[in-house]
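Subject: Structure handover

Hello,

Here is the structure for your files, with notes on what was found in it below.

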Amino acid sequence: LIHFSPTTTTTMSNNSSSSPITNPSSSEPVEQKLMEGVYFTDYRKKSSSSENNSAPTIDKNSPIQIRASIQELKHRLGHLNYSNDELRKVIKELKGDDNSGKSLSEDDKDSLKLYEESVLENIMIIERDEKRKKELEEKLRYEEMKGSQTKEMLL
């Protein structure tokens, strides 16, 4: 994660460029000053060989995991649709009342082309994600049915 800060905090003001703010051997994130007002924070968890052996595995076919994946896709689809709505508003504004965009400067024409390409790219991603969401919903129905049949057999 890179974040920009217009002001530096006291803990960072005495550090030289790219020196860690926290101890790298601890489980705390390591923050490095890249340049004045710009810091890099490494939030990745440090792994050890003993942790890797005891880490639980997540069954990607479990209904819980499938539901989580569906929720992630719904969230992503919402953002993509919102983004396209906002881009379409800007495109409409740039093209003007006559919908031609003829009176645009070269920079505005370039921006218009970029916005239109972005909408098309988002549409392709939306279609792919919608298909994947439907596949996961079908998989969820199958896994839930399989689970209920297993329970019935045990009774």
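**Salt bridges and burial**

At 40% relative accessibility, Asp85 counts as partly exposed (buried is under 20% relative accessible area, exposed is over 50%, and partly exposed lies in between, with a 1.4 Å probe and protein chains only). Its salt-bridge partner is Arg88, with the closest N and O atoms 3.9 Å apart; a salt bridge here is a side-chain nitrogen of Lys or Arg within 4 Å of a carboxyl oxygen of Asp or Glu. Arg88 is also partly exposed, at 41%. Because Arg88 and Asp85 are 3 residues apart in helix α3, about one helical turn separates them.

Before the rest, the basis of the numbers. This is a predicted model, in which local features need pLDDT of at least 70 and side-chain atom pairs count only at pLDDT 80 or more, while totals for chains, interfaces and linings use all residues. Residues are numbered from 1 along each chain as its sequence is written, and side-chain values use heavy atoms, with hydrogens and water left out.

The protein chain has 4 helices and 3 strands, in the order β-α-β-β-α-α-α from the N terminus. Both kinds of element are DSSP runs numbered from the N terminus: helices are H or I with at least four residues, strands are E with at least two. Of the 155 residues in the protein chain, 21% are buried. The accessible surface is about 12,100 Å², and carbon and sulfur atoms hold 54% of that surface (Shrake-Rupley method, 1.4 Å probe; for residues, only the protein chains shown count as cover).

The structure holds 12 salt bridges. One of them joins the side chains of Glu144 and Arg67 at 2.4 Å, N to O. This pair links distant parts of the chain, with Glu144 in helix α4 and Arg67 in helix α3 (residues 63-95), 77 residues apart. Glu144 is partly exposed at 34%, and Arg67 is partly exposed at 39%.

Within helix α4, Glu138 and Arg141 are 3 residues apart, which means about one helical turn between them. They form a salt bridge with the closest N and O atoms at 2.8 Å. Arg76, Arg128 and Asp129 are linked in a salt-bridge network.

Lys133 lies in helix α4 (residues 106-154) and is buried, at 14% relative accessible area. Leaving out residues up to four places away in sequence, Lys133 touches Ile70, Leu73, Lys74 and Leu77, a contact being heavy atoms within 4.5 Å.

Regards
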